[in-house]
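Hi,

Here is the structure I said I would pass on. Have a look at it first, and my notes follow below.

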Amino acid sequence: MAEPPGDRILVTGALGQIGTELVSALRNKYGKDTVLATDIREPSEESYFPDGPFCNLSVLDGEALEKIVLDEGIGTVFHLAAILSAAGEKNPDLCHRVNVGGTVSVLEAARDFGLKVFAPSSIAVFGPDSPNIASQKTPLNPTTIYGKTKVTGEVLGMNYFKQYGVDIRGLRFPGLISWRAPAGGGTTDYAVDIFHAAVKDGHYDCFVSEDTRLPMMYIDDAIRATECLMEVDGSRLGPSRAGYNVRGISFTAGELADKISERIPEFTCDFNPDFRQEVADSWPDDIDDGPAKKDWGWQAEFDLDRMVDEMIDNLRKNQSS
Ligand code: NAD
Ligand code: AKB
């Protein structure tokens, strides 16, 4: 493997739900100027984004990516640019181009310049034939275009690891729940939107049915899992290195609405499933994360009550500031 041109960090798709939080965490840890945030769009005036270096980059432009890697002395890439499940079902061609094409651009740069890469996968890799609790070894037969691109991403990552020695690491994130940045066009977005609606309007029209149960995780656990995986000695990582299952919480949409009502008694929720119901129905209720626990000591910290308290407290503080 080549020696990387430097030890700075590049984040693709940095303005999204995860990037907003990850860039902040990485800048706190390694220093503001060490982390170069990039995205195909510009930061907006209205939304929060941590202060520090930013430039436009489409992950489909492999040449531009390699030039930034060289010019900016990059050693590690957190590759977050993607089109999520609901947006992907509406625009499958774009989803395939960005998720597969973008990952190839990053892996090619990693091979040419000796970069370490974090590329998240998703519980969307599982399909309707998955058991209710999907294990690491459950066969991957997704029916969504997004899920298929995530399986391809894991396979590509393992190929670049085996053939070229690229240090690729990835997690199969559950639906992530956070309060700073809006969710970015997925099926689990309801579990973020419901909090904003509850705090602002006291009512939410939910696009999945009351009994829809899915694997979820609070953002602080997701950021901690990402940091742990990237910091652990590579010799501890097994064959799941490109897509470790990481478990957080599992609840139904109805259970979440009830927990919010316990804290906001006037809150009401209607359930009117749309096309995203079929996507949700194709995913497991929960996942088992035995290999992540065994290989690098993963353990989530947020249960349902703690996550609901954090979301409501933070959104209320944000609203009043
Ligand atoms: P998001 O949709 O919030 O953000 C994605 C970002 O990518 C956006 O800011 C968008 O502008 C950018 N982007 C789109 N096309 C691009 C291109 N061609 N070049 C550069 N940037 C481009 O997504 P997220 O929730 O932050 O997800 C990040 C990663 O984590 C994705 O790989 C996603 O599949 C994975 N993931 C997310 C969740 C979740 O619940 N948020 C769960 C599982 C996996
Ligand atoms: C989505 O719903 O598409 C994402 C995911 C689980 O990957 N949040």
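Before the notes, one term: a nonpolar core here is a set of buried Ala, Val, Leu, Ile, Met, Phe, Trp, Tyr and Cys residues joined through side-chain atoms within 4.5 Å. Also keep in mind that this is a predicted model.

With that in hand, the largest nonpolar core comes to 81 residues. Tyr 190, Phe 195, Phe 251, Leu 256, Ile 260, Trp 296 and Met 307 have the most contacts inside it. The biggest contribution comes from helix α6 (residues 190-200), with 7 residues. Domain 1 (8-174 + 218-245) and domain 2 (175-217 + 248-320) each supply at least three residues to this core. A separate core of 23 residues lies apart from it, with Val 100, Val 106, Val 117 and Ile 168 among its members.

Now for ligand 2. Its surroundings include Leu 84, Ile 123, Gly 186 and Trp 283. Oxygen atoms of the ligand lie 2.5 Å from a side-chain N or O of Ser 85, 2.7 Å from one of Tyr 146, and 2.7 Å from a polar backbone atom of Thr 187. On its own ligand 2 has 250 Å² of accessible area, and the protein covers 93% of that.

Lastly, Pro 291 sits in helix α10 (residues 290-296). Beyond its sequence neighbours within four places, Pro 291 is in contact with Gln 136, Ser 240, Tyr 244 and Trp 296.

Cheers

Key
Residues are numbered from 1 along each chain as its sequence is written. Chains are lettered from A and ligands numbered from 1 in the order in which they are written. This is a predicted model: local features need pLDDT of at least 70, side-chain atom pairs count only at pLDDT 80 or more; totals for chains, interfaces and linings use all residues. Side-chain values use heavy atoms; hydrogens and water are left out. Helices (H or I, at least four residues) and strands (E, at least two) are DSSP runs, numbered from the N terminus. Contact means heavy atoms within 4.5 Å. Buried means under 20% relative accessible area, exposed over 50%, partly exposed in between (1.4 Å probe, protein chains only). Domain bounds come from an automatic or database domain assignment. A residue is near a molecule or strand if one of its heavy atoms lies within 4 Å of it. A polar contact is a pair of N or O atoms within 3.5 Å; within protein, one must be able to donate a hydrogen and the other to accept it, and residues adjacent in sequence count only if both atoms are side-chain atoms. Accessible areas come from the Shrake-Rupley method with a 1.4 Å probe; for residues, only the protein chains shown count as cover.
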